[in-house]
Amino acid sequence: MPESHSSLHPLALAPVIAPPSTADEFVERFLHNLNFDRGVALSASSANDRYLALAHTVRDYLMARWLEDVRHQKEVQAKGVCYLSAEYLLGRQLDNNLLAADLTEVATEALASCGIDLDELRAHEVEPGLGNGGLGRLAACFIDSLATMAVPSIGYGIRYEYGIFRQTFVDGQQVEQPDAWLALGSPWEFARPEDAQTIAFGGHTEKYDDEGVTRSRWVPAWNVQAVPYNYMVPGFQNGRVNTLRLWSAVATSAFDLRIFNSGDYEEAVRAQTYAENISKVLYPEDSTPQGKELRLQQQYFFVAASIHDFLDNMLADGFDLANLPERVIFQLNDTHPVIAVPEFMRVLIDERHLEWDAAWAITRQCFAYTCHTLLPEALEVWPVELLGRLLPRHLEIIYRINDEFLVAVRERFGDDEMLVRNMSIIAEHPVRSVRMAYLATVAGAKVNGVAELHSQLLRDKVLHDFDAFFPGKFTNVTNGVTPRRFLRLANPELSSLITAAIGDGWATDLERLRELEPFAEDAEFRTAFAGVKAVNKRRLSEVLRERDGVEISDGHMLDVMVKRLHEYKRQLLKVLHIVTTYEGVISGRIAVSDVVPRTAIFGAKAAPGYAMAKRIIHLINAVGEVVNTDPRLEGRLKVVFPPNYNVTLAERVIPAADLSEQISLAGKEASGTGNMKFALNGALTIGTDDGANVEIRELVGDDHFYLFGMSEPEVSELSARGYRPQDFYQADEGLRRAIDLIASGAFSRGDRSVFEPVVSNLLYEDRFMVLADYASYVAAQERVDAAYADQEAWTRSAILNVARTGFFSSDRSIRDYIDRIWHTPPLV
Ligand code: CJB
């Protein structure tokens, strides 16, 4: 670092200065970046050149703040959050960063003066899809809120070279394409190869004598380099910029050379590929981990790099590790980063030579765990054989943690072997495995669920014995979503209307939306509100026309279900409702003039190996093909399924929706966050009492929410009694007709075999009780139809949904994390 010295140029001593925010200055910067960074003249530039130059210009404005924030956070050494997440589903960056830097107007004017349309450049950005769905998007919302609230923090994750696959449909069936999001350049990242960490794998452990003390050490077999890439995370117009640090795997030269020197060039290249595979691709399974070795490699790779990065680079010189709990909390975003716990112990004991008890005391205060699921198959377990082969020292540490934990369990609960077996971090069946959720629960200072109901069910069911053993450890933090992206950016018209009504400030204080309540009674406001919805529908229609060649008919209710395709989310229930309406019309039992015009929009990716989910996608497309073209429907019922649902499309679909489908089987959806985004944008929810739906309904009121289906206790009771889908099929004529129509081949050109697996699954298994909730769902949809006919009343309800859901800002979630778990006040 340059010293303060008279021989240095004065500018070398100055801090970085942000350019002044005038359009002229912006033009100058932009052209400079285009010419000198891209190496093209404006007249010869491609849209990609212009996009990249623009992104660099926005970066320039944020740079001074960023460098200052990094410096300040290190200087102050206040307690901060290290958010460990294998996924960040960021969405496009340009617009968000323009908004955060308050540059949107200046940039629009500056570009226009160069003959460039900002919208065209916006459309050019490929979103970084480094996540599967809700969990990854939640992480992205959280880092936005952390920056906006000036909480000292850093997000750590993986820089996947290929994000979530691009979904296409061929004959109505999902086909996956690789998502080469980096191909055209990645202007938002800064590679820091100087800060690379070496991450080891494999080998064995050995005992050695350390001045009379017998210690263990790990002798690994191979290693890779973890190279960090930094991303700016700007707060919303507050001058703060935090960091997201994503790790990329690069083969170590030593690793290659050893083999290369042996003369086996092919093997050297193969080894390099093997190492670099670690950050190659995001696993596309959402909530159903496959237990693949590479996935454990990914998990260890990024948490080990992050822990070392934190300890090596963030702590003041000579920091006393005993004080770590006052300096950092590592938040484990689900089980994916839980291998950080034994890694942290290993570092403290083997590398920093702390005693076990001291290391464990620190660890127990430095980690907290968020559980995002209730599905047993989503709780990760790693076979001991695999974990021990890849991370032998970590397995030893896990065994010791477990031994000591089980001793304490016996002391407390007596020698109840069943209980001990149930609580053991090591499962014995079907193969000896490490239960990562249990490890996280034993190690974490706090364990939280993501909605009230979910946290309650964790305490009562999934982790019941742990709640008894660790009183006070379990807490709830209901999820939230960032109002900057999902209201300000996604719905500019509604944002302007809100600001005109209640003034600004709501984007960082979302509870202020309450002030909109009286406007629900104001006819003029209602007209304006309905006008915004109409504009958003037209905009969506344009997007879909351009993207997929489909349009949305005027006057249709937009009934939207967008989320990952999973049986528990019950896209099939919605399909059955559509088929019921269709069947009613073609059989003449429903007059077509009685059908309230609706367009059902689906968006959903299925994990590539999840056969049933892919069949359901096929069925939705097949039903759409028939329904959309049958003249008997007179265009009153449409099914639209744009492929490749992602954050960018969500930002268009959600503001246009009238009806939000949140129809999971009660007790299965941990929270949901799409449900919050829809309500905030003035869609009414049709939903079960599940996840955060419960809290949405409590807040908006029963009159403005279409509740249906069994409650969680009713589901449990039916399950205990023995659920027989056949009973429901036999008892309900509408249901029978809908299922029979699918079974008859009506949507598969007469071929009954195509959807036979879907039908027989419903009839003979129906794990998620679609048939049991069908009648109640159809009845609720009838109430929706009736309510929609009164547009004034509907709009009133929509306004009240917006006004009453300010609670679901991710800023509130972060405040709850700070109060209940982190104790990391904002840095002023
Ligand atoms: N979730 O997206 C995922 N992936 C998982 O592997 C497990 C859970 C979702 O997390 C969201 C954020 O907490 C929840 O809103 C959602 O209910 C849950 O399915």
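**Salt bridges and a domain interface**

A word on the model. It is predicted, so local features need pLDDT of at least 70 and side-chain atom pairs count only at pLDDT 80 or more, while totals for chains, interfaces and linings use all residues. Residues are numbered from 1 along each chain as its sequence is written, and side-chain values use heavy atoms, with hydrogens and water left out.

How many salt bridges does a search of the whole structure find? It finds 58. One of them joins the side chains of Asp49 and Arg38 at 3.1 Å, N to O. Asp49 sits in helix H3 (residues 47–76) and Arg38 in helix H2 (residues 23–38), so this pair ties together parts eleven residues apart in sequence; helices here are DSSP runs (H or I, at least four residues), strands are E runs of at least two, and both are numbered from the N terminus. Asp49 is buried at 9% relative accessibility, whereas Arg38, at 31%, is partly exposed.

Next, Arg393 and Asp350 form a salt bridge with their closest N and O atoms 2.6 Å apart. That pair links distant parts of the chain, helix H14 (residues 392–413) and helix H11 (residues 340–351), 43 residues apart. Arg393 is buried at 8%, and Asp350 is buried at 14%. There is also a network of salt bridges linking Asp559, Lys574, Arg598, Glu661 and Asp785.

Now the domains. The chain is divided into domain 1 (77–92 + 127–445) and domain 2 (538–809), with bounds from an automatic or database domain assignment. The C-alpha centres of the two domains lie 37 Å apart.

The area buried between them is about 2,300 Å², with carbon and sulfur atoms giving 56%; buried area is the accessible area (1.4 Å probe) that two parts lose on being put together, summed over both. On the domain 1 side, Gln167, Phe169 and Leu375 supply 23% of the area buried against domain 2, more than any other three residues.

Finally, the rule finds two salt bridges across this interface. Elsewhere on my list, Arg767 and Glu377 meet through their side chains in a salt bridge at 3.1 Å, N to O.

Key
A salt bridge is a side-chain nitrogen of Lys or Arg within 4 Å of a carboxyl oxygen of Asp or Glu. Buried means under 20% relative accessible area, exposed over 50%, partly exposed in between (1.4 Å probe, protein chains only).
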